[in-house]
Amino acid sequence: MRTPAGEVAVLRQQLTAQQIAGVFSELVPPDIRNGFPAPGVTRFAYEAPAGKVAVHFERKDAQVRALVRPHAEEVEPAPAAPEAAPARPGGGRGGAAPRATEGAPPPAPAAVGPAARAEPLPRPPGDPRAALEQLLALTVERQASDLHLTSDAPPALRVDGDMMSLEDYGPIPSTRLREMVLAVTPDKNRTQWEADHDTDFALELSGARFRVNVFEDRRGIGAAMRQVPSAIRSVEDLSLPKAVVDLCDHSKGLVLVTGPTGSGKSTTLASLVDHVNRTRAQHIITIEDPVEFVHPNRRCLVHQREVGVHTNSFKQALRAALREDPDVVLVGEMRDLETISIALETAETGHLVFGTLHTNTAPSTVDRIIDQFPADRQAQVRTMLSESLRGVVSQVLCKRRAGGRIAAFEVLVVTPPVANLIREGKTFQIPSTMQTGRSFGMQTLNDALVDLVRGRQIDPDEAYAKSMAKAELRLQLERAGFKLTETPER
(Lines give C-alpha, C1' and ligand atoms only; values in the text may rest on other atoms or scores of the structure.)
Protein backbone atom coordinates (compact mmCIF):
# COMPACT_ATOMS: atom_id res chain seq x y z
CA MET A 1 0.00 0.00 0.00
CA ARG A 2 1.49 3.31 -1.09
CA THR A 3 1.11 6.12 1.48
CA PRO A 4 2.57 9.63 1.76
CA ALA A 5 5.01 8.22 4.32
CA GLY A 6 6.14 5.43 2.01
CA GLU A 7 5.15 1.88 1.26
CA VAL A 8 3.39 -0.29 3.86
CA ALA A 9 3.22 -4.06 3.53
CA VAL A 10 -0.38 -5.22 3.96
CA LEU A 11 0.35 -8.93 3.68
CA ARG A 12 3.56 -10.85 4.33
CA GLN A 13 2.68 -13.41 1.68
CA GLN A 14 2.11 -12.69 -2.00
CA LEU A 15 -1.40 -13.47 -3.18
CA THR A 16 -2.12 -15.75 -6.11
CA ALA A 17 -4.09 -14.56 -9.12
CA GLN A 18 -6.94 -16.87 -8.10
CA GLN A 19 -7.12 -15.28 -4.63
CA ILE A 20 -6.99 -11.74 -6.07
CA ALA A 21 -9.76 -12.48 -8.57
CA GLY A 22 -11.84 -14.05 -5.81
CA VAL A 23 -11.57 -10.94 -3.62
CA PHE A 24 -12.48 -8.51 -6.41
CA SER A 25 -15.35 -10.71 -7.63
CA GLU A 26 -17.14 -9.74 -4.40
CA LEU A 27 -16.86 -6.02 -5.30
CA VAL A 28 -17.83 -5.88 -8.98
CA PRO A 29 -21.28 -4.53 -9.95
CA PRO A 30 -24.01 -7.19 -10.38
CA ASP A 31 -24.35 -6.58 -14.14
CA ILE A 32 -20.78 -7.80 -14.84
CA ARG A 33 -20.36 -10.26 -11.98
CA ASN A 34 -21.16 -13.43 -13.93
CA GLY A 35 -18.48 -12.79 -16.54
CA PHE A 36 -15.80 -11.55 -14.16
CA PRO A 37 -12.84 -11.67 -14.54
CA ALA A 38 -13.13 -11.18 -18.30
CA PRO A 39 -10.00 -11.05 -20.46
CA GLY A 40 -8.60 -7.54 -20.86
CA VAL A 41 -9.28 -4.52 -18.65
CA THR A 42 -12.28 -4.06 -16.35
CA ARG A 43 -12.88 -0.71 -14.59
CA PHE A 44 -15.52 0.00 -11.98
CA ALA A 45 -16.19 2.06 -8.86
CA TYR A 46 -16.88 0.65 -5.41
CA GLU A 47 -18.37 2.36 -2.36
CA ALA A 48 -16.03 1.23 0.42
CA PRO A 49 -16.72 1.97 4.12
CA ALA A 50 -13.94 4.59 4.13
CA GLY A 51 -15.03 6.19 0.85
CA LYS A 52 -15.49 5.57 -2.85
CA VAL A 53 -12.63 3.89 -4.73
CA ALA A 54 -11.86 3.36 -8.41
CA VAL A 55 -10.70 -0.10 -9.46
CA HIS A 56 -8.61 -1.00 -12.50
CA PHE A 57 -8.51 -4.80 -12.97
CA GLU A 58 -6.63 -6.52 -15.79
CA ARG A 59 -6.61 -10.15 -16.82
CA LYS A 60 -4.16 -11.53 -19.36
CA ASP A 61 -4.42 -15.29 -19.90
CA ALA A 62 -3.86 -16.88 -16.47
CA GLN A 63 -2.49 -13.68 -14.92
CA VAL A 64 -4.12 -10.72 -13.22
CA ARG A 65 -3.27 -7.39 -11.65
CA ALA A 66 -5.35 -4.81 -9.88
CA LEU A 67 -4.94 -1.16 -8.89
CA VAL A 68 -7.24 0.56 -6.37
CA ARG A 69 -7.19 4.31 -5.69
CA PRO A 70 -9.48 6.87 -4.07
CA HIS A 71 -12.17 7.77 -6.59
CA ALA A 72 -11.06 11.39 -6.69
CA GLU A 73 -7.79 10.25 -8.28
CA GLU A 74 -8.17 8.98 -11.81
CA VAL A 75 -6.84 5.49 -12.24
CA GLU A 76 -4.39 5.71 -15.11
CA PRO A 77 -4.43 2.94 -17.69
CA ALA A 78 -1.87 0.38 -16.70
CA PRO A 79 0.98 -0.13 -19.12
CA ALA A 80 1.16 -3.38 -21.04
CA ALA A 81 1.94 -6.28 -18.80
CA PRO A 82 5.59 -7.32 -18.96
CA GLU A 83 6.31 -10.90 -19.89
CA ALA A 84 5.94 -12.95 -16.74
CA ALA A 85 9.04 -14.67 -15.42
CA PRO A 86 9.01 -18.39 -16.15
CA ALA A 87 7.26 -20.16 -13.31
CA ARG A 88 9.20 -22.80 -11.46
CA PRO A 89 7.64 -26.16 -10.61
CA GLY A 90 4.64 -25.55 -8.36
CA GLY A 91 4.25 -21.91 -9.43
CA GLY A 92 6.97 -20.27 -7.27
CA ARG A 93 9.25 -17.70 -8.92
CA GLY A 94 12.23 -18.28 -6.70
CA GLY A 95 12.79 -14.74 -5.36
CA ALA A 96 11.21 -12.19 -3.07
CA ALA A 97 8.71 -9.92 -4.80
CA PRO A 98 10.43 -6.69 -5.96
CA ARG A 99 9.42 -3.51 -4.15
CA ALA A 100 7.52 -0.94 -6.21
CA THR A 101 8.58 2.69 -6.23
CA GLU A 102 6.35 5.77 -6.17
CA GLY A 103 4.90 6.39 -9.62
CA ALA A 104 6.01 3.02 -10.96
CA PRO A 105 3.54 0.80 -12.80
CA PRO A 106 1.68 -1.90 -10.87
CA PRO A 107 3.70 -5.04 -10.16
CA ALA A 108 3.87 -7.83 -12.73
CA PRO A 109 0.86 -10.15 -12.79
CA ALA A 110 0.79 -13.06 -10.36
CA ALA A 111 0.64 -16.48 -11.94
CA VAL A 112 -2.37 -18.61 -11.10
CA GLY A 113 -1.24 -21.28 -8.68
CA PRO A 114 0.24 -21.53 -5.19
CA ALA A 115 1.36 -18.38 -3.42
CA ALA A 116 4.97 -17.45 -4.05
CA ARG A 117 7.22 -17.04 -1.04
CA ALA A 118 7.41 -13.46 0.28
CA GLU A 119 10.51 -13.83 2.47
CA PRO A 120 13.69 -15.89 2.20
CA LEU A 121 13.44 -19.30 3.83
CA PRO A 122 15.35 -19.70 7.10
CA ARG A 123 18.66 -21.52 7.01
CA PRO A 124 18.17 -25.22 7.83
CA PRO A 125 19.64 -26.32 11.16
CA GLY A 126 22.44 -28.87 11.11
CA ASP A 127 20.58 -31.29 13.38
CA PRO A 128 18.43 -33.59 11.19
CA ARG A 129 15.46 -33.66 13.55
CA ALA A 130 15.51 -29.88 14.00
CA ALA A 131 15.68 -29.44 10.22
CA LEU A 132 12.57 -31.58 9.74
CA GLU A 133 10.75 -29.78 12.56
CA GLN A 134 11.54 -26.49 10.81
CA LEU A 135 9.91 -27.74 7.59
CA LEU A 136 6.86 -28.99 9.50
CA ALA A 137 6.54 -25.61 11.22
CA LEU A 138 6.69 -23.96 7.78
CA THR A 139 3.92 -26.33 6.62
CA VAL A 140 1.72 -25.12 9.48
CA GLU A 141 2.61 -21.46 8.87
CA ARG A 142 1.77 -21.64 5.17
CA GLN A 143 -1.49 -23.48 5.92
CA ALA A 144 -0.39 -26.30 3.63
CA SER A 145 -2.19 -29.63 3.75
CA ASP A 146 0.90 -31.73 2.94
CA LEU A 147 4.68 -31.64 3.03
CA HIS A 148 6.44 -33.76 0.39
CA LEU A 149 10.08 -34.74 0.77
CA THR A 150 12.01 -36.28 -2.12
CA SER A 151 15.66 -37.33 -2.29
CA ASP A 152 17.84 -34.92 -4.28
CA ALA A 153 14.95 -32.47 -4.78
CA PRO A 154 13.65 -29.40 -2.90
CA PRO A 155 10.78 -29.89 -0.41
CA ALA A 156 7.29 -29.20 -1.76
CA LEU A 157 4.07 -28.04 -0.08
CA ARG A 158 0.50 -28.63 -1.20
CA VAL A 159 -1.41 -25.37 -0.75
CA ASP A 160 -5.11 -25.23 -1.68
CA GLY A 161 -4.63 -28.38 -3.72
CA ASP A 162 -1.64 -27.13 -5.73
CA MET A 163 1.99 -28.23 -5.34
CA MET A 164 4.50 -25.49 -4.48
CA SER A 165 8.20 -26.34 -4.72
CA LEU A 166 10.41 -24.58 -2.14
CA GLU A 167 13.14 -23.92 -4.70
CA ASP A 168 15.24 -21.64 -2.48
CA TYR A 169 15.55 -24.39 0.13
CA GLY A 170 17.57 -26.36 -2.37
CA PRO A 171 17.66 -30.11 -3.06
CA ILE A 172 17.98 -32.39 -0.04
CA PRO A 173 20.61 -35.09 -0.64
CA SER A 174 19.32 -38.63 -0.18
CA THR A 175 21.63 -39.35 2.77
CA ARG A 176 20.61 -36.13 4.52
CA LEU A 177 16.90 -36.75 3.93
CA ARG A 178 17.22 -40.27 5.30
CA GLU A 179 18.71 -38.83 8.52
CA MET A 180 15.92 -36.22 8.77
CA VAL A 181 13.04 -38.66 8.20
CA LEU A 182 14.37 -41.52 10.32
CA ALA A 183 15.06 -39.08 13.18
CA VAL A 184 11.29 -38.88 13.78
CA THR A 185 10.34 -42.43 12.74
CA PRO A 186 9.43 -44.78 15.64
CA ASP A 187 11.70 -47.83 15.98
CA LYS A 188 8.92 -50.22 14.95
CA ASN A 189 8.23 -48.25 11.77
CA ARG A 190 11.93 -47.91 11.00
CA THR A 191 12.22 -51.68 11.08
CA GLN A 192 9.14 -51.99 8.85
CA TRP A 193 10.52 -49.46 6.34
CA GLU A 194 13.86 -51.27 6.14
CA ALA A 195 12.02 -54.54 5.45
CA ASP A 196 9.15 -53.33 3.22
CA HIS A 197 10.30 -49.85 2.07
CA ASP A 198 6.91 -48.47 3.16
CA THR A 199 5.53 -47.52 6.57
CA ASP A 200 2.81 -45.27 8.06
CA PHE A 201 2.69 -43.56 11.44
CA ALA A 202 1.34 -40.49 13.22
CA LEU A 203 3.67 -37.70 14.33
CA GLU A 204 3.10 -34.76 16.66
CA LEU A 205 5.54 -31.89 16.26
CA SER A 206 5.44 -28.09 16.05
CA GLY A 207 2.09 -28.04 17.84
CA ALA A 208 0.40 -30.05 15.08
CA ARG A 209 -0.24 -33.67 14.16
CA PHE A 210 0.83 -35.26 10.90
CA ARG A 211 -0.02 -38.52 9.14
CA VAL A 212 3.26 -39.74 7.71
CA ASN A 213 4.07 -42.21 4.95
CA VAL A 214 7.74 -43.05 4.41
CA PHE A 215 8.61 -44.80 1.17
CA GLU A 216 11.45 -45.41 -1.27
CA ASP A 217 11.62 -44.64 -5.00
CA ARG A 218 14.35 -44.64 -7.63
CA ARG A 219 16.04 -41.62 -6.03
CA GLY A 220 16.07 -42.94 -2.47
CA ILE A 221 13.96 -42.31 0.61
CA GLY A 222 10.87 -40.08 0.39
CA ALA A 223 8.05 -39.01 2.68
CA ALA A 224 4.56 -37.51 2.47
CA MET A 225 3.39 -35.76 5.64
CA ARG A 226 -0.26 -34.72 5.81
CA GLN A 227 -1.22 -32.13 8.39
CA VAL A 228 -4.06 -33.21 10.66
CA PRO A 229 -5.78 -30.18 12.22
CA SER A 230 -5.34 -30.05 15.98
CA ALA A 231 -8.96 -29.00 16.46
CA ILE A 232 -11.87 -31.12 15.24
CA ARG A 233 -14.17 -28.97 13.15
CA SER A 234 -17.83 -29.09 14.06
CA VAL A 235 -20.57 -30.12 11.64
CA GLU A 236 -21.59 -26.45 11.55
CA ASP A 237 -18.06 -25.30 10.66
CA LEU A 238 -17.95 -27.79 7.78
CA SER A 239 -21.45 -26.79 6.62
CA LEU A 240 -22.39 -30.47 6.44
CA PRO A 241 -25.86 -30.99 4.93
CA LYS A 242 -28.55 -31.68 7.53
CA ALA A 243 -29.25 -35.09 5.99
CA VAL A 244 -25.61 -36.07 6.65
CA VAL A 245 -25.74 -34.93 10.28
CA ASP A 246 -29.04 -36.78 10.74
CA LEU A 247 -27.25 -40.05 9.90
CA CYS A 248 -25.63 -39.78 13.34
CA ASP A 249 -29.04 -40.22 14.98
CA HIS A 250 -29.36 -43.88 13.94
CA SER A 251 -28.82 -46.43 16.68
CA LYS A 252 -27.56 -49.04 14.24
CA GLY A 253 -26.59 -49.38 10.60
CA LEU A 254 -23.75 -48.54 8.22
CA VAL A 255 -22.78 -45.01 7.17
CA LEU A 256 -20.09 -44.62 4.50
CA VAL A 257 -18.04 -41.54 3.67
CA THR A 258 -16.28 -41.92 0.32
CA GLY A 259 -14.16 -40.00 -2.13
CA PRO A 260 -10.70 -39.91 -3.68
CA THR A 261 -7.56 -39.59 -1.59
CA GLY A 262 -7.24 -36.10 -0.14
CA SER A 263 -10.92 -35.25 -0.47
CA GLY A 264 -11.44 -34.58 3.26
CA LYS A 265 -13.06 -37.89 4.26
CA SER A 266 -11.14 -38.04 7.55
CA THR A 267 -12.20 -34.50 8.46
CA THR A 268 -15.87 -35.27 7.76
CA LEU A 269 -15.77 -38.53 9.72
CA ALA A 270 -14.05 -36.83 12.67
CA SER A 271 -16.77 -34.17 12.66
CA LEU A 272 -19.54 -36.81 12.68
CA VAL A 273 -17.90 -38.80 15.49
CA ASP A 274 -17.44 -35.57 17.46
CA HIS A 275 -21.14 -34.79 16.96
CA VAL A 276 -22.03 -38.19 18.44
CA ASN A 277 -19.53 -37.57 21.25
CA ARG A 278 -21.26 -34.31 22.15
CA THR A 279 -24.89 -35.42 21.83
CA ARG A 280 -25.04 -39.03 23.08
CA ALA A 281 -23.85 -40.81 26.23
CA GLN A 282 -22.40 -43.93 24.65
CA HIS A 283 -19.22 -45.91 23.89
CA ILE A 284 -17.23 -45.09 20.72
CA ILE A 285 -14.41 -47.28 19.35
CA THR A 286 -12.28 -46.06 16.45
CA ILE A 287 -9.96 -48.33 14.44
CA GLU A 288 -7.50 -46.31 12.36
CA ASP A 289 -4.18 -46.56 10.54
CA PRO A 290 -2.80 -44.34 11.98
CA VAL A 291 -4.91 -42.47 14.58
CA GLU A 292 -5.38 -38.97 13.15
CA PHE A 293 -7.90 -36.81 15.04
CA VAL A 294 -7.78 -37.29 18.80
CA HIS A 295 -11.23 -37.45 20.43
CA PRO A 296 -11.38 -36.63 24.15
CA ASN A 297 -14.11 -38.17 26.31
CA ARG A 298 -17.04 -35.76 26.25
CA ARG A 299 -20.48 -37.30 26.78
CA CYS A 300 -19.14 -40.55 25.32
CA LEU A 301 -16.38 -42.91 26.39
CA VAL A 302 -13.92 -43.04 23.47
CA HIS A 303 -11.31 -45.71 22.75
CA GLN A 304 -9.02 -45.17 19.76
CA ARG A 305 -6.98 -48.13 18.46
CA GLU A 306 -4.17 -47.88 15.90
CA VAL A 307 -3.52 -50.74 13.50
CA GLY A 308 0.04 -51.98 13.91
CA VAL A 309 0.32 -50.49 17.41
CA HIS A 310 -2.76 -51.56 19.40
CA THR A 311 -3.99 -54.29 17.05
CA ASN A 312 -2.65 -56.27 14.12
CA SER A 313 -5.34 -55.51 11.55
CA PHE A 314 -8.67 -53.82 10.90
CA LYS A 315 -10.51 -57.12 10.78
CA GLN A 316 -8.99 -58.34 14.07
CA ALA A 317 -9.85 -55.10 15.86
CA LEU A 318 -13.33 -55.01 14.36
CA ARG A 319 -14.05 -58.58 15.44
CA ALA A 320 -12.73 -57.81 18.93
CA ALA A 321 -14.87 -54.67 19.12
CA LEU A 322 -18.01 -56.83 19.22
CA ARG A 323 -16.86 -58.04 22.65
CA GLU A 324 -16.06 -54.54 23.92
CA ASP A 325 -19.64 -53.26 24.32
CA PRO A 326 -19.52 -50.46 21.71
CA ASP A 327 -22.41 -48.35 20.49
CA VAL A 328 -20.53 -46.65 17.65
CA VAL A 329 -17.58 -48.07 15.69
CA LEU A 330 -15.42 -46.14 13.21
CA VAL A 331 -13.50 -48.27 10.71
CA GLY A 332 -10.79 -46.09 9.14
CA GLU A 333 -10.63 -48.12 5.93
CA MET A 334 -12.75 -51.01 4.68
CA ARG A 335 -9.96 -52.51 2.60
CA ASP A 336 -10.78 -56.16 2.12
CA LEU A 337 -13.61 -58.65 1.92
CA GLU A 338 -13.33 -59.83 5.50
CA THR A 339 -13.30 -56.32 6.98
CA ILE A 340 -16.37 -55.35 4.89
CA SER A 341 -18.14 -58.56 5.91
CA ILE A 342 -17.51 -58.00 9.63
CA ALA A 343 -18.56 -54.34 9.32
CA LEU A 344 -21.89 -55.42 7.79
CA GLU A 345 -22.40 -57.96 10.58
CA THR A 346 -21.56 -55.30 13.19
CA ALA A 347 -24.08 -52.90 11.66
CA GLU A 348 -26.73 -55.63 11.60
CA THR A 349 -26.23 -56.59 15.26
CA GLY A 350 -27.22 -53.23 16.76
CA HIS A 351 -24.23 -50.94 16.27
CA LEU A 352 -23.74 -47.73 14.28
CA VAL A 353 -20.72 -48.23 12.02
CA PHE A 354 -18.90 -45.44 10.17
CA GLY A 355 -16.52 -46.46 7.38
CA THR A 356 -14.70 -45.19 4.31
CA LEU A 357 -14.14 -46.39 0.76
CA HIS A 358 -12.18 -44.85 -2.13
CA THR A 359 -15.13 -44.57 -4.49
CA ASN A 360 -16.23 -41.46 -6.38
CA THR A 361 -20.04 -41.65 -6.28
CA ALA A 362 -22.70 -43.01 -3.95
CA PRO A 363 -24.13 -45.56 -6.44
CA SER A 364 -20.65 -46.91 -7.27
CA THR A 365 -20.04 -47.38 -3.54
CA VAL A 366 -22.93 -49.82 -3.33
CA ASP A 367 -21.63 -51.72 -6.35
CA ARG A 368 -18.08 -51.80 -4.96
CA ILE A 369 -19.23 -53.47 -1.73
CA ILE A 370 -21.33 -56.08 -3.52
CA ASP A 371 -18.57 -56.83 -6.06
CA GLN A 372 -16.12 -57.62 -3.26
CA PHE A 373 -18.03 -60.83 -2.55
CA PRO A 374 -18.06 -64.07 -4.58
CA ALA A 375 -20.93 -64.39 -7.05
CA ASP A 376 -22.69 -67.05 -4.97
CA ARG A 377 -22.88 -64.65 -1.97
CA GLN A 378 -23.88 -61.46 -3.75
CA ALA A 379 -27.64 -61.99 -3.49
CA GLN A 380 -27.31 -62.43 0.27
CA VAL A 381 -25.03 -59.36 0.55
CA ARG A 382 -27.51 -57.21 -1.40
CA THR A 383 -30.18 -58.15 1.13
CA MET A 384 -27.86 -57.42 4.08
CA LEU A 385 -26.81 -54.10 2.58
CA SER A 386 -30.39 -53.05 1.81
CA GLU A 387 -31.27 -53.59 5.48
CA SER A 388 -28.16 -52.17 7.16
CA LEU A 389 -26.95 -49.30 4.93
CA ARG A 390 -28.24 -45.96 6.19
CA GLY A 391 -26.47 -43.52 3.89
CA VAL A 392 -23.49 -42.78 1.65
CA VAL A 393 -21.70 -39.43 1.52
CA SER A 394 -19.32 -38.93 -1.43
CA GLN A 395 -17.26 -35.77 -1.45
CA VAL A 396 -14.68 -33.79 -3.43
CA LEU A 397 -12.70 -30.70 -2.48
CA CYS A 398 -13.02 -27.63 -4.70
CA LYS A 399 -10.97 -24.43 -4.81
CA ARG A 400 -12.83 -21.45 -3.40
CA ARG A 401 -12.91 -18.30 -5.48
CA ALA A 402 -11.42 -16.32 -2.60
CA GLY A 403 -8.78 -18.93 -1.68
CA GLY A 404 -8.90 -22.09 0.36
CA ARG A 405 -11.03 -25.13 -0.40
CA ILE A 406 -14.62 -26.22 0.19
CA ALA A 407 -16.24 -29.65 -0.03
CA ALA A 408 -19.06 -30.60 -2.38
CA PHE A 409 -21.17 -33.48 -1.06
CA GLU A 410 -23.18 -36.13 -2.88
CA VAL A 411 -25.70 -37.58 -0.44
CA LEU A 412 -27.57 -40.86 -0.72
CA VAL A 413 -30.11 -41.57 2.00
CA VAL A 414 -31.32 -45.18 2.00
CA THR A 415 -35.10 -44.87 1.90
CA PRO A 416 -37.37 -47.90 1.28
CA PRO A 417 -37.32 -47.31 -2.51
CA VAL A 418 -33.50 -47.15 -2.49
CA ALA A 419 -33.34 -50.30 -0.32
CA ASN A 420 -35.52 -52.11 -2.89
CA LEU A 421 -33.20 -51.09 -5.72
CA ILE A 422 -30.19 -52.44 -3.79
CA ARG A 423 -31.99 -55.68 -2.95
CA GLU A 424 -33.11 -56.23 -6.55
CA GLY A 425 -29.71 -55.40 -8.06
CA LYS A 426 -30.98 -52.25 -9.81
CA THR A 427 -28.33 -49.84 -8.52
CA PHE A 428 -28.17 -48.17 -11.95
CA GLN A 429 -31.54 -46.57 -11.09
CA ILE A 430 -30.22 -44.99 -7.87
CA PRO A 431 -29.04 -41.70 -9.52
CA SER A 432 -32.54 -40.94 -10.83
CA THR A 433 -33.99 -41.73 -7.39
CA MET A 434 -31.50 -39.29 -5.85
CA GLN A 435 -32.60 -36.54 -8.23
CA THR A 436 -36.21 -36.91 -7.08
CA GLY A 437 -35.30 -37.43 -3.41
CA ARG A 438 -34.36 -33.91 -2.39
CA SER A 439 -37.12 -33.89 0.22
CA PHE A 440 -35.16 -36.63 2.02
CA GLY A 441 -31.92 -34.63 1.85
CA MET A 442 -30.50 -36.47 -1.17
CA GLN A 443 -28.43 -34.64 -3.76
CA THR A 444 -26.14 -35.59 -6.61
CA LEU A 445 -22.61 -34.26 -6.85
CA ASN A 446 -23.63 -32.08 -9.81
CA ASP A 447 -26.46 -30.56 -7.74
CA ALA A 448 -23.96 -29.72 -4.99
CA LEU A 449 -21.49 -28.21 -7.46
CA VAL A 450 -24.14 -26.03 -9.11
CA ASP A 451 -25.27 -24.81 -5.67
CA LEU A 452 -21.67 -23.79 -4.89
CA VAL A 453 -21.41 -21.92 -8.21
CA ARG A 454 -24.72 -20.15 -7.53
CA GLY A 455 -23.44 -19.16 -4.10
CA ARG A 456 -20.31 -17.70 -5.74
CA GLN A 457 -18.16 -20.08 -3.69
CA ILE A 458 -16.46 -21.69 -6.69
CA ASP A 459 -15.99 -20.91 -10.38
CA PRO A 460 -17.96 -22.79 -13.07
CA ASP A 461 -14.70 -24.16 -14.50
CA GLU A 462 -13.76 -25.60 -11.11
CA ALA A 463 -17.17 -27.28 -10.85
CA TYR A 464 -16.67 -28.74 -14.33
CA ALA A 465 -13.25 -30.09 -13.38
CA LYS A 466 -14.59 -31.88 -10.29
CA SER A 467 -17.77 -33.27 -11.85
CA MET A 468 -18.11 -36.99 -12.62
CA ALA A 469 -20.84 -36.28 -15.19
CA LYS A 470 -19.49 -33.30 -17.11
CA ALA A 471 -22.00 -33.16 -19.98
CA GLU A 472 -24.92 -33.05 -17.56
CA LEU A 473 -23.18 -30.41 -15.43
CA ARG A 474 -22.61 -28.18 -18.46
CA LEU A 475 -26.35 -28.24 -19.20
CA GLN A 476 -27.21 -27.52 -15.54
CA LEU A 477 -24.82 -24.55 -15.47
CA GLU A 478 -26.18 -23.13 -18.70
CA ARG A 479 -29.76 -23.44 -17.42
CA ALA A 480 -28.64 -21.57 -14.28
CA GLY A 481 -27.14 -18.77 -16.40
CA PHE A 482 -23.46 -19.67 -16.08
CA LYS A 483 -21.04 -20.39 -18.90
CA LEU A 484 -17.71 -22.14 -18.91
CA THR A 485 -14.84 -19.93 -20.03
CA GLU A 486 -13.23 -23.00 -21.56
CA THR A 487 -13.77 -26.71 -21.95
CA PRO A 488 -10.73 -28.13 -20.18
CA GLU A 489 -9.72 -31.67 -21.00
CA ARG A 490 -9.49 -32.97 -17.46
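A polar contact is a pair of N or O atoms within 3.5 Å; within protein, one must be able to donate a hydrogen and the other to accept it, and residues adjacent in sequence count only if both atoms are side-chain atoms. The model is predicted, so local features need pLDDT of at least 70 and side-chain atom pairs pLDDT 80 or more, while totals for chains, interfaces and linings use all residues. Residues are numbered from 1 along each chain as its sequence is written, and side-chain values use heavy atoms, without hydrogens and water.

**Exercise 1.** Find which residue caps the N-terminal end of H9.

*Solution.* Look at Asp-336. One of its side-chain oxygens lies 3.2 Å from the backbone nitrogen of Glu-338. Asp-336 is the cap.

**Exercise 2.** Check the span of helix H9 (residues 337-348).

*Solution.* Helices are DSSP runs of H or I with at least four residues, numbered from the N terminus. The expected span is 1.5 Å times one less than the number of residues.

**Exercise 3.** Describe how H8 and H9 pack.

*Solution.* Take the angle: about 20 degrees. Axes are lines fitted to C-alpha atoms over the stretch in contact, and angles run from 0 to 180 degrees between N-to-C directions. The axes are 9 Å apart. Angles under 35 degrees count as roughly parallel, so H8 and H9 are roughly parallel to each other. Now list the contact (heavy atoms within 4.5 Å). H8 gives Phe-314, Lys-315, Leu-318 and Arg-319. H9 gives Glu-338, Thr-339, Ile-342, Ala-343 and Thr-346.

Notes:
Helix = DSSP H or I, 4+ residues; strand = E, 2+ residues; numbered from the N terminus. Parallel < 35°, antiparallel > 145°, perpendicular 65-115°, else oblique.
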